[in-house]
Amino acid sequence: MNRSFGYWLGAFFLLFWGISDVLWAQRTTSSKNIRLEIFCDGPLQPMQAQQWGAALQSTGFSGVQLRGGNEEDVLDLRKITDGEYHALGMLTKDNRILLPGEKTFSRQQLREIRPYLEGMIEEQERLQAEAAEDAEKARLWENVLEKLSPAVGVETKNVERRKVLREISQKLKGNVHVPMSIRDVLEKEDCVREELQTVSRGTAMAYVLRYIGYCAVMTKKPSGEMELVWTPSEKITSEEILPVGYPLERMPREMFESFRANVDGALLSVVLDALSQRLQIPFLYDYNSMAAEGIEISEVSVKLNPMKITYDRLLDTLLSQAGLKKEVRMDEAGQPFLWITTQ
């Protein structure tokens, strides 16, 4: 090849591929049309561009473009319209194609490029679909949350459990499904032990149901609205269950107040009830876990020598004597309560 011929050949490729112009070769072999645009890591190399361009046109892309690069170029894969995508890659100085995801391909791996991009597109679509579903669930959940946040508003201590549940479900009309099977486990003499009057409806409902082995499961009705279905707990995964409150990192300020304490063999249940009233913070109990460990707070005596101590430390000290611990949580209205459970 003489110098003149090489010059004109180089000029031809520069003109053919262009430094800034677009050349698209229309080839559609899949339901997903992918346009592949490759910029060079530096000035356009005509011979490399010609070799890669001709090869890529035969791999099923709906369009192929090679051009010179600039500082604004970044690897990218995005959706243009339904079924149409645009991929932006780079031709590296060592004559390899670098694609989004930092994956490189040699000329010998030419046939792997399109399947790789299709895999990335499928992953993008999956993540987008999940994000859209989560956003829809969040929107529907916000609607239910407005009904779950208000306080129960009626006395519950020593009130039949079925009456408390009936009161809550009536206030949540249209958003609660009560199965017939729950009637078999609701005994007339079974009463709620705690005062839940100031606790939100959602947390109170989950708490009262938990004792009898039931839970409220968030489901979507055919109408598109969210519904809480009362279901036996062993049939459901924890992610689907309306929880008994939500994590709260900050302990209520009252818990750090100091006072002179003297506990001399009092029953733990009596002490906890007195502390709950003094602090004006509801104490809810994980009776299911306690029963599994054989712990009954109305039968456990606790002691503490006279000393000045905070409510926080006092509770930790007394609860540990019974193999228990406390967790600070909040209900749907953001109000704190203490969850007493096993260690």
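Predicted model: local features only at pLDDT ≥ 70, side-chain atom pairs only at ≥ 80, totals over all residues.

Student: How many helices and strands are in the protein chain?

Tutor: The protein chain has eight helices and 15 strands. Its length is 343 residues, and 43% of them count as buried. Of the contacts between residues at least 6 apart in sequence, 71% join residues at least 24 apart.

Student: OK, cores next. How many residues does the largest nonpolar core have?

Tutor: It has 63 residues, and Met205, Leu209, Trp230, Leu268, Phe283, Tyr285 and Leu324 have the most contacts inside it. Helix 5 gives the most to this core, with six residues. Another core lies apart from it, with 23 residues, including Ile34, Phe61, Tyr85 and Phe105.

Student: What does Trp230 touch, leaving out residues up to four places away in sequence?

Tutor: Quite a list: Leu165, Ser169, Val176, His177, Val178, Pro179, Ile182, Met205, Leu209, Tyr214, Cys215 and Ala216.

Student: Back to helix 5, then. How many of its residues are buried?

Tutor: Nine of its 11, so it's mostly covered, given that buried means under 20% relative accessible area. The buried ones are Arg201, Gly202, Thr203, Ala204, Met205, Ala206, Tyr207, Val208 and Leu209. Just after helix 5, Gly213 takes a positive phi of about 80°.

Student: And at what angle do helix 4 and helix 5 pack?

Tutor: Helix 4 (residues 161-171) and helix 5 (residues 201-211) pack at about 145°, with 10 Å between their axes. Their crossing is left-handed. On the helix 4 side the contact uses Arg161, Val164, Leu165, Ile168 and Lys171, while helix 5 brings Arg201, Ala204, Met205, Val208, Leu209 and Tyr211.

Student: How many bridges do strand 14 and strand 15 pair over?

Tutor: Seven, in the antiparallel sense, with strand 15 covering residues 336-342. Met330 stands opposite Pro336 in strand 15. The two strands form a hairpin with five residues between them, and Gly334 in the turn has a positive phi of about 85°.

Student: What about strand 4, how many of its residues are buried?

Tutor: Seven of the eight residues in strand 4 (residues 84-91) are buried. Strand 1 (residues 33-40) runs parallel to strand 4, joined by eight bridges, with Asn33 bridged to Glu84. Strand 3 (residues 76-81) pairs with strand 4 in the antiparallel sense over five bridges, and Asp76 has Leu88 as its bridge partner. Strand 5 (residues 97-99) is also antiparallel to strand 4, with two bridges.

Student: Which residues in the hairpin turns around strand 4 have a positive phi?

Tutor: Gly83 does, at about 80°, in the turn of the hairpin of strand 3 and strand 4, which has two residues between the strands. Asn95 does too, at about 65°, in the turn of the strand 4 and strand 5 hairpin, with five residues between the strands.

Student: Last topic, single residues. Why does Glu227 count as buried?

Tutor: Because its relative accessibility is 17%, and buried means under 20%. Glu227 is found in strand 9 (residues 226-232). Leaving aside neighbours within four places in sequence, Glu227 contacts Asn175, Val176, His177, Val217, Met218, Thr219 and Lys221.

Student: And Met255, buried or exposed?

Tutor: Met255 counts as buried, at 0% relative accessibility. It's found in the loop between strand 10 and strand 11 (258-267). Met255 and Leu279 are 24 residues apart in sequence, with 7.7 Å from C-alpha to C-alpha. Besides Leu279, Met255 touches residues including Ile281, Tyr311, Leu315 and Leu338.

Note on methods
Residues numbered from 1 in each chain as written. Heavy atoms only, no water. Axes fitted to C-alpha atoms, helices over the stretch in contact; angles between N-to-C directions. Helix = DSSP H or I, 4+ residues; strand = E, 2+ residues; numbered from the N terminus. Left-handed = near helix turned anticlockwise from the far one by under 90°. Contact = heavy atoms within 4.5 Å. Core = buried A, V, L, I, M, F, W, Y, C linked by side-chain atoms within 4.5 Å. Buried < 20%, exposed > 50% of the residue type's maximum accessible area, 1.4 Å probe, protein only. Pairing = 2+ DSSP bridges.
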